[in-house]
Amino acid sequence: MNMNNQIKYPVVEQFVSINGEGTKAGELAVFIRFKGCNLNCSYCDTQWANRQDTPAVEKTAAELVADVCRTGIDNVTMTGGEPLLQIELAGLIKELLSAGKAVEIETNGSVSLENVRAQVKHLTQERQSMERLSMTMDYKLAGSRMETFMRLQNFSELQPQDTVKFVAGSIEDLEKTRQIIQEYGLTQKCHVYISPVFGAIEPADIVEYMKAHQMNGVRMQLQMHKFIWAPDERGV
Ligand SMILES: C[S@@+](CC[C@H](N)C(=O)[O-])C[C@H]1O[C@@H](n2cnc3c(N)ncnc32)[C@H](O)[C@@H]1O
Ligand SMILES: Nc1nc2[nH]cc(C(=O)O)c2c(=O)[nH]1
Ligand code: SF4
Ligand SMILES: [Mg+2]
């Protein structure tokens, strides 16, 4: 292995759980939550991970790969905070792919998807393993107060294994969701999910909206972990 062991990643929590969201919902995954974010969403359920004074363990790629391999779990979800802000994240992703893992990155839509993918591609000899790298990008709606930070170019960088996720808290958010899906032809490009801002809108109202507008190819999801455990529980 040729890992850069100078680089350390600030990790605020690491755990195994079922993935509560997305294309692998219900499957086991190892979660790596990185510290820090460039946005400040109104509804963020992990603000604690973004605070300067939150303790983080500084880990090298070799340590993280060893941690993941020890679990015997095939899926890795990188989240945060904002994982794509981590310097040289590509090196860690490459090593996890080489170890046979499927790597999903939860990202906030303000950072380039293509930069990290190109960096991983550059590092990896096994081109097929790139299909095991998937990005789940949020499009932050008006209710988040972060919509102006969205990098619309990401929509032309999506791969079929990727997901665009809209976390909606109001009918206005749903109207914008529908407009963006149409304008960028998202259901033809990748997976598309709508998720309620937890507690802010009735899931049934999202379903009614989807029915009224024949939103074919779009999936509504609930964050399963918030129903299985207490909504503010960490490490699950
Ligand atoms: C905490 S973020 C971390 C990754 C990245 N910063 C992002 O925003 O995608 C992980 C996911 O949780 C979602 N999320 C955060 N707070 C939420 C809430 N109160 N209700 C529903 N989803 C929420 C985010 O929209 C994002 O899709
Ligand atoms: N169980 C569980 N599944 C998740 N899927 C995405 C999560 C995230 O916070 O990004 C998450 C999380 O925090 N817990
Ligand atoms: S981008 Fe993600 S981590 Fe950052 S504030 Fe928004 S939901 Fe929280
Ligand atoms: Mg979460």
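This is a predicted model: local features need pLDDT of at least 70, side-chain atom pairs count only at pLDDT 80 or more; totals for chains, interfaces and linings use all residues.
Phe155 lies in the loop between strand E6 (133-139) and strand E7 (163-168), and Tyr184 in the loop between helix H4 (171-183) and helix H5 (186-189), so the pair ties together parts that are 29 residues apart in sequence; helices (H or I, at least four residues) and strands (E, at least two) are DSSP runs, numbered from the N terminus.

The table gives the accessibility of both partners, where buried means under 20% relative accessible area, exposed over 50%, and partly exposed in between (1.4 Å probe, protein chains only).

| Residue | Relative accessibility | Class |
|---|---|---|
| Phe155 | 2% | buried |
| Tyr184 | 22% | partly exposed |

Ring pairs also join Phe155 and Tyr184 with Tyr139 and Phe166 in a cluster.

Around ligand 3 stand Cys37, Leu39, Asn40, Cys41, Cys44, Asn50, Gly81, Asn108 and Lys140, each with a heavy atom within 4 Å of the ligand.

Residues are numbered from 1 along each chain as its sequence is written, while chains are lettered from A and ligands numbered from 1 in the order in which they are written. Local features need pLDDT of at least 70, side-chain atom pairs count only at pLDDT 80 or more, totals for chains, interfaces and linings use all residues, and side-chain values use heavy atoms, with hydrogens and water left out.

Conventions:
Rings of Phe, Tyr and Trp (its six-membered ring) pair if their centres lie within 6.5 Å; planes under 30 degrees apart count as stacked, over 60 as edge-to-face and the rest as tilted.
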